[in-house]
Amino acid sequence: MSEIIIKNGYIFDPISGIKGDKADISIKDGKITDKVSSKAEVIDASGRTVMAGGVDIHTHIVGPKVNLGREMRPEDKLFRGSFRGGILKQGKHMEMGFSIPSTWKTGYSYARMGYTYANEAAMPPLMAPHVHEEIRDTPIIDISAMPVFGNNWFCFEYIKNKEIENNAAYVAWLLNATKGFGIKIVNPGGTEAWAWGDNCVTINDPVPFFDITPAEIVKGLIETNEYLGLPHSIHLHGNNLGNPGCYETTLDTLKLAEGYKPKNKFGREQVLHNTHIQFHSYKGDSWGTFESGAREVMDYVNSNKNITVDIGAVTLDETTTMTADGPFEYHLNQLNHIKWANVDVELETGSGIVPYIYDKNIKVCGIQWAIGLEIALFAKDLMRVFLTTDHPNAGPFTRYPRVIKWLMSQKAREATLDTMKYKDKVIAASHIASMDKELGLYEIAMMTRAGPAKALGLSSMYGSLAKGADANIAIYDLDPTNIPSDPELIEAAFQNTAYTLKEGVVVVKDKQIVAEPHKYTIWTKVNMPENAQVMHDVKEKFTKNYTVNLENYAVFDEHVHNPRAIEVEVA
Amino acid sequence: MPKVIENVGCPYCGCSCDDVRVTVSDDGKKVLEVENVCAIGTEIFKHGSSDHRIRSPRLRQPDGSMKDITYDEAIEWVAQHLYKAKKPLMYGFGSTNCEGQAAAARVMETAGGMLDNCATICHGPSFLAIFDNGYPTCTLGEVKNRADVIVYWGSNPAHAHPRHMSRYSIFPRGFFTGKGQKKRTIIVIDPRYTDTANVADYHLQIKQGHDYELFDAFRMVVIGHGKDLPDEVAGIKKEKILEVAEIMANARFGTTFFGMGLTHSDGRNHNIDIAISLTRDLNKVAKWTIMAMRGHYNIAGPGVVWSWTFGFPYCLDLTKKDHAHMNPGETSSVDMAMRDEVDMFINIGTDAGAHFPIPAVKQLKKHPWVTIDPSINMASEISDLHIPVCICGVDVGGIVYRMDNVPIQFRKVIDNQGLLDDETLLNRIADRLDELNAQGA
């Protein structure tokens, strides 16, 4: 079949340990291989940077809360079409929206940045058919979605009774029913409490009526995850997010992973992924005394190898916050008084949406911006610290190139600091001004593809240029031997690739979408014996409490598009 | 042997019940019996296998009669007219599955036309309020399992959503609501003594058109200015307002369901806006949610599908082809019709002939009019072309969105017997348009 050879590029591939050597990459039948025939199509990458396709470990791009955000924010479509500064139609469909782009724009934008895989960070199980409908309409990129378990009534009961085996059988059943990828936890116990207008702000606050604490939920789900040996670890958004002083809760939460070892066949080394840790690294006891806790949090992360994090960098944009952390969104709305949406989901979870403006003229926003970058700059091992903006919460994913610019250039950071109204106060409450570290392309490759792929347990398929991996490749117009002194050019290079290849098909060429090949829905199929107790409990809950019939709950096969199952065997 | 199919979704109201049992004939062509469903739902299933059902597209002839044509001919007719039209409008979608709504988006993006759904004449004002003020809501199971105070304001589920009260709100026993109706307080606010008011603990017989004032009064009480209320607001005595506000403020979990009585009386979107504000206020002292009583089983669908496709739920202007635009009043169906801006009209999965103002229908009728609908209705009878399609939930499955935006997977119960479904039909029209566009370019 088709053969391609990418010649003379500078290769950055942490999975194979290649640090900018000049080499050729051969592709056959959509996979990376070691050699191809002389008939192979040649792509000239000389003077350019070549990396595996980007892997986004945490992003909100498909599903009910993303879409309610689109629906309630027509103003997010202000920039559109040729005459209003939007993108001219390149692919099969028009591209709409900024912080919460349409599914079409989402796929095209990721591809233009050289990303080919995105992990939707929160799928309410009851709404799984909706998530899969949007996956169908998101072009080019492969997508997985993680069902939320941290406020699930089944999990509460099994974990409270210390029935890890039953909890594992339930998780396996739900992953299959929703075609989900792994265990997501959002504000464990707190979102259930929010159904009564309450919250859990420490790891020991009891969940109303369920006689369980967030700490027990997190530990129970770590044990469940390792019992099953899932490709990814638990993926945690802990308690007390976004409040001054929350870094202490974060440290308490991270310590819950102590003593646990990963058990899986996928090369994953962590048992806990703490997502968007910027939002969890705040010191101070009020907005007036708000300051960075990045050093304290990263000191702990650096010394504990069974933890990974993603940064959740603030990009200083007007954006749309959305999370299954219902109480957080309510409290955020009490701060900014813009519009507020909330959706509590029966037996499972909740969510909230609030538009938010990270204004560089507001002191706290400036400090938040600093913290996001400090996390990455304090990191000792960038294979465990990944680049995200918790899209769209700290900023849209289309700003990744800007975050890369800030991480690679102190000059760029200083230029941004200089635009802040309360620059001196931001500097006093953070470490950013004193940090002269600048990341290189190899470290960026760790943070944006190799590291996330490994943490997801998918590094044999994604985020790698090693033989046998999917031929997902990004070629950037950036000469590593001559990095431009103007940081804006770094951002521009990462914003639009010279080429993006998806499974060996050129999908972006010269910054334009040129093809929309098929893509996959990645999910985790656990093969284990049916558990009679769990199936009995499931039937009972559907008879008594759900408003949808059990037989209509699991996503029908015809609504799952190009499924690609990662199989796990449990005896 | 007749066959029983269970867990079937009902294509009638926004309750989107998914527990229907349908018995079909041995050959899979006839619906014999329908259980677990309201009177109206029953009729839809029965109609699905009725002998009166139209099974072939019909094109109007110069003498005014309708002549049967093939699907191929109908697709060609629609594609050619869409290709020629400068500002075609496709409107409807109360009764199509989401797959059909996604295909419709493709057709109108390709054609460069206007795309709108029934919200434009029902819950459009709710969208306007949501754009301004958000939407603190929940799924219906939360109401079933937790709610101890229920408000129906300007809605009459006893008639419009027949199983709403029994499945989701007043009567069911849920996890924290084991005593069902006995432990719930039901408040109905309606100028009429409806059958829903008949089961309420409190019926506030509000003066017609004065909803905004009563909302305002409730907000005053919740915020702490109850003593400043006048003796009577909107026809309701001060003591009664204080009493009901007290119940709301002390709710463990409350839900307000609102309907056309708010969106289509004086105040419209402002009524919904203040209803949302009241919900926000109540969340400072209790836990409250709010939900629109969406009419049809999948009228939430087009708002959902088009939001992920274009970023706007309704009133879409796709005529520029490279970006979408929405401005209700300018791009809403009835307003465009009244100004005679539209030069082709496709009515799909609804009946604009019955629902639009007569002057709007008269303007639309000046131009080619296509109706895509399983049934004979007023729109089909004044159409130039009527294309019958499958009924979602009867002879085609698909995803639909319940009034709380929960996706429900519908099943097919009888053979489609040669009828095309909306998705296939619309995708074939879009394919043909792609060809015409390619030839034109």
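Predicted model: local features only at pLDDT ≥ 70, side-chain atom pairs only at ≥ 80, totals over all residues.

Reader: Nice. Which residue of strand 17 of chain A does A:T323 stand opposite?

Author: That would be A:G352.

Reader: And is strand 15 of chain A enclosed or open?

Author: Five of its six residues are buried, so strand 15 of chain A is largely enclosed by the rest of the structure.

Reader: Switching to the two chains together: how many residues of chain A are in contact with chain B?

Author: On the chain A side there are 50, in contact with 54 residues of chain B.

Reader: Which elements of chain A give two or more residues to that side?

Author: They are helix 1 (64–72), helix 3 (128–136) and strand 16 (340–344) of chain A. Helix 1 of chain A provides the largest share, six residues. By class, the chain A side has 21 nonpolar, 16 polar and 13 charged residues.

Reader: What about helix 1 of chain A, how many of its residues are buried?

Author: Nine of its nine residues, so to speak a mostly covered helix. Among the buried ones are A:K65, A:R70 and A:E71, along with A:V66 and A:L68.

Reader: Back to strand 16 of chain A. Which strand of chain B does it pair with, and in what sense?

Author: Its partner is strand 8 (residues 134–138) of chain B, and the pairing is in the parallel sense over five bridges. Within that pair, A:V343 stands opposite B:T137.

Reader: One more topic, helices in chain B. At what angle do helix 3 and helix 17 of chain B cross?

Author: The axes of helix 3 (residues 98–111) and helix 17 (residues 422–440) of chain B cross at roughly 15 degrees and come within 8 Å. That angle makes helix 3 of chain B roughly parallel to helix 17 of chain B. The crossing of helix 3 of chain B past helix 17 of chain B is left-handed.

Reader: Which residues make the contact?

Author: Helix 3 of chain B contributes residues including B:A103, B:R106 and B:V107, while helix 17 of chain B contributes B:L426, B:I429 and B:L433, among others. By class, the contact has eight nonpolar, four polar and five charged residues.

Reader: Great, thanks for walking me through that!

Technical notes
Residues numbered from 1 in each chain as written. Chains lettered and ligands numbered in written order. Axes fitted to C-alpha atoms, helices over the stretch in contact; angles between N-to-C directions. Helix = DSSP H or I, 4+ residues; strand = E, 2+ residues; numbered from the N terminus. Parallel < 35°, antiparallel > 145°, perpendicular 65-115°, else oblique. Left-handed = near helix turned anticlockwise from the far one by under 90°. Contact = placed C-beta atoms within 7 Å. Nonpolar A, V, L, I, M, F, W, Y, C, P; charged D, E, K, R; others polar. Buried ≥ 20, exposed ≤ 12 C-beta atoms within 10 Å, placed from the backbone. Pairing = 2+ DSSP bridges.
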